[in-house]
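I opened this notebook to record what I looked up on charged side-chain pairs and nonpolar packing.

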Amino acid sequence: MKTSKHQICAIVAMGEGFEIGYNGDLIWHIKEDLKRFKRLTMGHPVIMGRKTRESLPKALPGRTNIVITRNPDYSAADSLIAHSLEEALEMAEKAEGSDKIFIIGGGQIYEEAFPLLDALEITHVYDSPNDVDTFFPEISIDDWELTEMSEMFETSDGMRYDFESFRRLDN
């Protein structure tokens, strides 16, 4: 299904317990994380689930937006609709900037795509709220290599975070 010329990368903000969301929304809204997300994904296809797409005010500009849903009648402005991860990846491989394809959520899409991922771009948040209901798959240090890690940052309200990049190790 995937050829070597297409790198599949998940991009996510998560806590130390792999938490990523609550009630269909992000847990954190960190300005620098959003800037990094935009910088890394710009010009590349992004694959997301229906709930993630509906949490956005509009399709992400400058990127081919691909939404996975089981609903055959679903449509979203400025987005391609796929009914499986496999179909979404086929669409992404034909899109502009397909040398890197980003999986942007939510939890169910991350879980399904996880075995296919080549890379991870993580905003690691060290201060987690109590209200969480969505998690990223657990990352085994045996399967992934940390390739880059930023310094620790802190928001104006004291939330600590860093940026981490990983690549999957060949087995």
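**Salt bridges**

I began with Arg-36, which forms a salt bridge with Glu-121, the closest N and O atoms being 2.5 Å apart; the term stands for a side-chain nitrogen of Lys or Arg within 4 Å of a carboxyl oxygen of Asp or Glu. The pair links distant parts of the chain, since Arg-36 sits in helix H1 (residues 31-41) and Glu-121 in strand S8 (residues 119-125), 85 residues apart. For these elements I took DSSP runs numbered from the N terminus, with helices being H or I of at least four residues and strands being E of at least two.

I noted that this is a predicted model, in which local features need pLDDT of at least 70 and side-chain atom pairs count only at pLDDT 80 or more, while totals for chains, interfaces and linings use all residues. Residues are numbered from 1 along each chain as its sequence is written, and side-chain values use heavy atoms, with hydrogens and water left out.

I then looked up accessibility, where buried means under 20% relative accessible area, exposed over 50% and partly exposed in between (1.4 Å probe, protein chains only). Arg-36 is buried at 8%, and Glu-121 is buried at 10%.

My search of the whole structure returned 4 salt bridges. One of them joins the side chains of Arg-160 and Asp-127 at 3.6 Å, N to O. Arg-160 belongs to strand S12 (residues 160-168) and Asp-127 to the loop between S8 and strand S9 (134-135), so this pair ties together parts 33 residues apart in sequence. Arg-160 is partly exposed at 32%, and Asp-127 is partly exposed at 29%.

I also recorded the salt bridge between Glu-145 and Arg-167, at 2.9 Å from N to O. Glu-145 lies in strand S10 (residues 144-149) and Arg-167 in strand S12, so the pair ties together parts that are 22 residues apart in sequence.

**Nonpolar cores**

Next I asked which residues touch the most other members of the largest nonpolar core, and of its 26 residues these are Ile-47, Ile-103, Leu-117, Leu-120, Phe-136 and Ile-139. A core here is a set of buried Ala, Val, Leu, Ile, Met, Phe, Trp, Tyr and Cys residues joined through side-chain atoms within 4.5 Å. Among the elements giving two or more residues to this core are strand S1 (7-15), helix H3 (85-93) and S8. I logged a second, separate core of 14 residues, including Cys-9 and Leu-40.
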